[in-house]
Amino acid sequence: MTSPSSRRGFLTAAVTSAAALWTPRRARGFTARELSAHVVDGKLDLGVSKWELDTPALCVDLDKLEQNLAALRTGLAATRVASRPHAKTHKCAAIAKLQLASGSIGICTAKVSEAEALFAEGLTKILMTTANVTRAKIARAMAIAKRNRDFVQAVDHPDNARELSAAAKAAGITADVVVDVAVGTRTGVPAGDQALALAQLVDTLPNLRFRGMLAYDGGAQHIKGYRARSEQALERIQPAAQTYERMKAGGLNVEIFSGGGTGTYDIMTKVPGFTDVQAGSYVFMDTQYLEIGGARDEAVFTDFAPSLTVLTTVVNAYFPGRLTTDAGTKALTLNKPDPIVIGEPGFAYTAGSDEFGVIRYENATKPCKVGDKLELIVPHCDPVVNEYDVVYATRKDRVEAVWPITARGKSQ
Ligand SMILES: Cc1ncc(COP(=O)(O)O)c(C=O)c1O
């Protein structure tokens, strides 16, 4: 079994350009508010290094982000499958627009409030992958659909479909709907007869338009090792894939067969009829995804680069063998595996306390003092992003733009 430090060392070596990035120093400490005064046409007209930002600061490396957009596009280019990235990961209108500009056919949202916020910023091609089960949320979804012909809503229960049709009628529209077919037991109608019956019901309800189905397998995304993930994911999707075939054979308009995530983006392409992958994390990556391994490297998933980081400052260096930083649970969440300190595999980072992170020196010797800055790869990108108002878009360490996290905190 590998020890945490050898695992960290391996991952760090595999995914970072190590010490070249590690340039801690005392710095000015710009806030987002100070920088926003210098934004012209969405770009910063000030030569600010990310190391001068006040911390904790959420950063995205634009070279790596663009590399990830291109990797997804080229990874799917030879297939008939498109991408419809899940915006639950970044919650950021600016990034959603870059995804569309790089060829994605639309975006997904998990929450109706997320869809509202992104629609307000001009994003229209939205597939809402969660069924709304309360009357209030159904009404909100139908209010979006009324103003946005490109909005598609998931349903997974006959009662829900009837309520949706009634709400669509009240809004004076016919709403586009996909049936969420379960892979596993989290959400969705069970594959087979129940899913087929629901699709037929949607197709006959007066104010709904059946557009197809989604089948997302959350349990397959982080299966370690490409071969194991591929075999299991393709097996687990079978009941949903057969349901798709039955819908099609029954004459239903299954123009959408959506699903898949970052871990299965190049696996779901083998499912007949599959139309688009909903990968979300690919754009940022995190320590959870780095560990799963890919087709090129069974140990480290290198298809996408870790573009998202959190900058943190050392706030206490009195005690031998340890440091305290300003990035704890509220900056990094409590997810595992722990954050990786870029360029310093001998540092074991724990985000255990609310406001503070703890670094234990394992086999590291690098001295640090109060005020030094470090850069971290986060455990799980989605919930970390939700902790920040803005993300600093950087290129070669220079801050190019300050992007609002448009749907930050939109969890309803
Ligand atoms: C329905 C659905 N689609 C797509 C995704 C994106 O997955 P990932 O971030 O692993 O690419 C998720 C993530 O939880 C999801 O719930």
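D303 and R296 form a salt bridge whose closest N and O atoms are 3.5 Å apart, the term meaning a side-chain nitrogen of Lys or Arg within 4 Å of a carboxyl oxygen of Asp or Glu. This is a predicted model, in which local features need pLDDT of at least 70 and side-chain atom pairs count only at pLDDT 80 or more, while totals for chains, interfaces and linings use all residues. Residues are numbered from 1 along each chain as its sequence is written, and side-chain values use heavy atoms, with hydrogens and water left out.

D303 is buried, at a relative accessible area of 9%, whereas R296 is exposed at 62% (buried is under 20%, exposed over 50% and partly exposed in between, with a 1.4 Å probe and protein chains only). A salt bridge also joins E291 to K224, with the closest N and O atoms 3.4 Å apart; E291 counts as buried at 15% relative accessibility, and K224 as exposed at 53%.

## Other charged contacts

The count of salt bridges comes to 24. Among them, D338 and K336 meet at 2.9 Å, N to O, and a network of salt bridges links D63, E66, R395, K396 and E400.

## Aromatic contacts of F301

F301 and Y289 are both buried, and their ring centres lie 6.2 Å apart with the planes at 40 degrees, so the pair is tilted (rings of Phe, Tyr and Trp, the last by its six-membered ring, pair if their centres lie within 6.5 Å; planes under 30 degrees apart count as stacked, over 60 as edge-to-face and the rest as tilted). Ring pairs link Y265, Y282, Y289, F301 and F304 into a cluster.
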